[in-house]
Structure formats: C-alpha cells, structure tokens
Amino acid sequence: MTGRLNSAQPYVLGLFRMVVGLLFACHGAVSLLGLLGGVDGDGGTVGTGTWPGWYAALIELVGGSLVLLGLGTRAAAFISSGAMAYAYFKVHQPEALWPIENNGEGAAMYCWAMLLLVFTGSGAFGLDRLFARRSSPDVRRTRTTEQEPVTA
C-alpha cells in the first residue's frame, strides 16, 4: 500500500497545488477585479495602491495564478506565504490570540500551504516540469527524478 501511495504522490501534490493556487487567486480577483461579488458584494474593488490591501490582493492574484499553473512555483509560493504571514500577524493576530477568534484561519492555512509548496515544488502537471524536461539534456534522468516521492 505504501508503494502505491508513494507512486501517486506527485500527482496528488500537483492537484493540491492547483486547488490552493486557484483559491488563492480567487481572493486576489475579488479584491482587484471585483469578480465574484467584489469586496463589498456589489463588485467593488480595493483602492489602487492602498496599503496593505491592494498589494496583498496583487500578490494573491499573481502568486495564486503562478502556483495554479506550476510556473515558478517555489518563488511564487515563498512570496505568497510571506504575504499571508504578514496578513496574519499584522491584521488578524492583534484582534485575538487564536485564528478561530480573529478570523485568521484563511491567512494561516494559506501561509502553511504555500510554505509546503516552497519545499515540495510543483508536483505533477506543472509548467515547471515541462520546461525542465525541455531544457534538460538528459531526459532519462528527469523522468526518474519525477517519480521520486517526497520523504520526511
């Protein structure tokens, strides 16, 4: 059973990355573009250049899109994780100690999910792997490393 689970790991990690990236990008789209009801429910957006909301929304939209595509996953996830850590400690944590009390569950979960992607990479289905295959002179070496599971 462990062998079967290990062989599926890159694919599940790729799906995890895509879901987290999509949901993270949706947060940015709501704030920057007014999609999905916008910040006020009537399609409103965050004021351009306002600190920290507009910059956080830009990181969410761009970082989430890059993570979704698996393009520059580690760098995009690192910046996104830092943005969510900042959001948690500067916006949510001063209200109360625990995330359930200060509405910071989303920021905390995105921070840790993105940090996980910094260390694991894009998994399967990412553009990172597609470009790595094309630029690698030894295709056999790339294919064998693709199947290696992440070990603890």
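Predicted model: local features only at pLDDT ≥ 70, side-chain atom pairs only at ≥ 80, totals over all residues.
Residues are numbered from 1 along each chain as its sequence is written, and side-chain values rest on heavy atoms, with hydrogens and water left out. Local features need pLDDT of at least 70 and side-chain atom pairs count only at pLDDT 80 or more, whereas totals for chains, interfaces and linings use all residues.

**Helix packing**

Helix α3 (residues 73-92) packs against helix α5 (residues 105-120) at an angle of about 155°, and their axes are 8 Å apart. Helices here are DSSP runs (H or I, at least four residues), numbered from the N terminus; axes are lines fitted to C-alpha atoms over the stretch in contact, with angles from 0 to 180 degrees between N-to-C directions. The angle makes α3 roughly antiparallel to α5 (a term for angles over 145 degrees). Residues in the contact (heavy atoms within 4.5 Å) include Phe 78, Met 84 and Tyr 88 of α3 and Tyr 110, Met 114 and Leu 115 of α5. By class, this contact of α3 with α5 has 14 nonpolar, five polar and one charged residues, where Ala, Val, Leu, Ile, Met, Phe, Trp, Tyr, Cys and Pro count as nonpolar, Asp, Glu, Lys and Arg as charged, and the others, Gly among them, as polar.

**Aromatic residues**

Rings of Phe, Tyr and Trp (its six-membered ring) pair if their centres lie within 6.5 Å; planes under 30 degrees apart count as stacked, over 60 as edge-to-face and the rest as tilted. By this rule there are six aromatic pairs.

| Pair | Centre to centre | Angle between planes | Arrangement |
|---|---|---|---|
| Trp 51 and Tyr 55 | 5.6 Å | 50° | tilted |
| Trp 54 and Tyr 55 | 5.1 Å | 90° | edge-to-face |

Trp 51, Trp 54, Tyr 55 and Tyr 86 form one aromatic cluster. Trp 51 is exposed at 60% relative accessibility, while Tyr 55 is partly exposed at 37%; buried means under 20% relative accessible area, exposed over 50% and partly exposed in between (1.4 Å probe, protein chains only).

**Backbone features**

Most residues other than glycine have a negative phi, and most peptide bonds are trans. Trp 51 is joined to Pro 52 by a cis peptide bond, with omega about -5°. Pro 52 is placed in the loop between α1 (2-33) and α2 (53-69). That loop also holds Leu 36, a non-glycine residue with a positive phi of about 55° and a relative accessible area of 68%, hence exposed. Asn 103, in the loop between α4 (99-102) and α5, has a positive phi near 60°. Asn 103 is exposed, with a relative accessible area of 60%.

Notes: Helix = DSSP H or I, 4+ residues; strand = E, 2+ residues; numbered from the N terminus. Parallel < 35°, antiparallel > 145°, perpendicular 65-115°, else oblique.
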